[in-house]
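Open the model in your viewer and keep the selection tool ready. This tour goes stop by stop, with something to pick at each one.

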Amino acid sequence: MKRREFLKLFGVGVAVISLSDVFPRIIRGKELVRPPGALAEDALNAVCIRCARCAQICPTGAIVLASLSDGFKELGTPRIDALRGPCERVQGRCERQAKCAEICPTGAILQVDRRILKMGSAIINADRCIAWRGGSCLVCYEVCPVQGAISLIDEARPIFHADICVGCGRCVYACPAQPKALTLTPEGERRLLPV
Amino acid sequence: MSRAQLVRAVRLSLPMLVLVAVVLGPTLHLVYGSICTIGIGSITLACPLGFLQVSLASHNMILGLLTPVAVTIVFTILLGRVFCGWICPAGDLMQRFGEAGLPTKASGLRLVNLVEQNSTRLVLLGSVLAASAIFRYPVFCIACPIGIICRNVISLFRYGSVGLDLLFIPVIAAMELGLAPWCSHICPLGTTLRIFGQKSPLVPIVDKAKCIGCSICTKVCNMKVSLLQTSNLEDCSRCMECSLRCPTKAIDGERELSCSHLSWLRALY
């Protein structure tokens with residue numbers, strides 16, 4: 001092999017490998033709410049083949065694919081967007097088993113007992129909340145499937161208990177305030193390590 | 001419609017039909033997955049390069065993909081890079097860009113050193129796999145034009161929006177214009193399929209008695225296969241353009257898929 005050709009090939013290899021490291025450093029990953037039973041972040045980004053099956057089968061459309069703004073490594077992986085729909089693993093169409101975990105071909109999402117699920121927690125912004133501003137609204141309290149995650153002060157104003165909330169996003173999806181008084185964050189999430 | 005037009009119409013519309021199936025499949029509870037792991041019911045095909053990458057990235061063999069990948073590989077062993085010619089939604093797009101410009105394309109094989117072409121793309125494939133194992137994510141899946149097209153078509157249909165990653169497509173197209181043809185020189189998936197499909201028994205051969213040496217078959221070939229010199233035959237995407245355009249039908253219908261290796265295939269029956 002000619003020296004010039006070897007150098008060119010070496011350059012190609014070095015370029016590909018270093019760009020694969022540089023891009024994720026420039027476009028860093030955000031903290032995302034992941035589907036129920038998703039592996040721990042690093043394992044998920046490694047195992048997920050970015051085929052979109054989970055997003056396709058999700059009955060509420062809660063699973064969307066992470067975009068470039070969610071991170072370079074994260075691109076195409078599933079995340080939960082509570083504004084599009086709530087996760088029904090705890091209560092609803094996926095009560096028996098999570099459809100996303102069932103269809104995932106790589107094991108990036110696994111079936112996890114819904115009683116130990118913790119995808120994140122909902123956080124309230126009282127300045128936007130209709131009830132906290134004096135109006136009458138108990139929508140979040142009424143739709144919450146988890147006993148004790150939301151309690152009421154004076155039977156009127158909701159307070160959120162992040163340690164009990166599983167992060168299904170039902171309240172966020174239902175919140176009638178404009179803009180929404182609730183946001184879903186991955187705070188306190190419990191994820192699985194790969195087997 | 002002539003036979004040539006019919007074959008061409010089928011070949012160019014098949015990738016679009018696959019994309020329609022990807023988009024509408026889930027609503028009918030019929031087809032799930034993008035092209036990476038497309039499945040009808042329990043019959044699933046999976047991308048061999050995706051499998052290699054996620055296995056290397058997770059330092060673990062992804063057993064769930066083993067059977068779907070094996071099926072894809074069997075198809076590839078029998079039919080070579082048939083995926084590239086008939087299913088890949090990016091291939092036709094890339095080739096259109098390629099035709100729009102470029103001396104490397106116009107002057108065909110002369111400017112493209114075959115030895116260099118093959119070692120470059122093997123190095124590309126190798127470094128993609130190495131980078132996946134080192135940095136723990138499927139590196140090529142992020143920039144794969146097939147994946148990008150599928151993911152964006154799905155999100156366009158579901159949410160009415162497309163992602164920024166769609167910008168990779170013009171970047172790759174610019175690469176096609178300025179550096180080298182994507183399908184035959186760069187695409188790591190194409191290289192993977194080429195490796196598995198290089199001994200495919202179904203390759204076009206020329207009837208020397210009818211051939212007048214006009215080399216139209218070489219000029220029309222998107223994959224830079226030279227049938228006259230029988231070079232680079234492993235890249236043939238079975239698009240059948242050579243046989244359809246041959247003025248003397250030296251690569252004609254019955255013959256185009258016959259070859260010397262076919263005897264062992266017949267022996268199987």
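What share of the 269 residues in chain B is buried? Buried residues make up 45% of chain B. Bear in mind throughout that this is a predicted model.

**Stop 1: chain B as a whole**

Select chain B and colour by secondary structure. The chain holds 15 helices and three strands. Now consider its contacts between residues at least 6 apart in sequence: 67% of them join residues at least 24 apart.

**Stop 2: the strands of chain B**

Pick β1, β2 and β3 of chain B. They form an open sheet in the order β1-β2-β3, with antiparallel pairing. At the edges stand β1 (31–32) and β3 (43–44) of chain B; each has a single partner strand, so one side of each lacks a neighbour in the sheet. Zoom in on β2(B), residues 39–40. Two bridges pair β2(B) with β3(B) in the antiparallel sense. Show Ile40(B) next: its bridge partner in β3(B) is Ile43(B).

**Stop 3: helix α2 of chain B**

Move on to residues 48–57 of chain B, which make up helix α2. Why is this helix described as largely enclosed by the rest of the structure? The description holds because 10 of its 10 residues are buried. A residue counts as buried when 20 or more other C-beta atoms lie within 10 Å of its own. Click along α2(B) to see them; the buried residues include Pro48(B), Phe51(B), Gln53(B), Ser55(B) and Ala57(B). Just after α2(B), stop at His59(B), where phi is positive, at about 50°.

**Stop 4: the two domains of chain B**

Colour residues 3–197 of chain B as domain 1 and 216–268 as domain 2. Where they touch, domain 1 of chain B contributes 18 residues and domain 2 of chain B contributes 16 residues. Highlight α1 (3–24), α4 (82–86), α11 (182–186) and α12 (188–197) of chain B: each supplies at least two residues of the domain 1 side. By class, that side of domain 1 of chain B has nine nonpolar, six polar and three charged residues.

**Stop 5: where the chains meet**

Show both chains. The contact takes 36 residues from chain A and 42 residues from chain B. Which elements of chain A give two or more residues to the side that touches chain B? Select α1 (3–26), α2 (41–47) and α3 (53–57) of chain A. The most comes from α1(A), with nine residues. Coloured by class, the chain A side shows 20 nonpolar, 10 polar and six charged residues.

**Stop 6: the two domains of chain A**

In chain A, select domain 1 (27–116), then domain 2 (118–189). Their C-alpha centres lie 22 Å apart. In the contact, 15 residues of domain 1 of chain A meet 14 residues of domain 2 of chain A. The domain 1 side in chain A has 10 nonpolar, two polar and three charged residues.

**Stop 7: a strand pair in chain A**

Finish with β3 (residues 121–124) and β6 of chain A. Four bridges join these strands, which run antiparallel. One bridge to look for links Ala122(A) with Leu184(A) in β6(A). Now show the side chains of β6(A), residues 182–185. In a regular strand the side chains alternate between the two faces of the sheet. Which face of β6(A) is covered, and which is uncovered? Leu182(A) and Leu184(A) make up the covered face, while Thr183(A) and Thr185(A) make up the uncovered one.

Note on methods:
Residues numbered from 1 in each chain as written. Chains lettered and ligands numbered in written order. Predicted model: local features only at pLDDT ≥ 70, side-chain atom pairs only at ≥ 80, totals over all residues. Buried ≥ 20, exposed ≤ 12 C-beta atoms within 10 Å, placed from the backbone. Domains from an automatic or database assignment. Contact = placed C-beta atoms within 7 Å. Nonpolar A, V, L, I, M, F, W, Y, C, P; charged D, E, K, R; others polar. Pairing = 2+ DSSP bridges.
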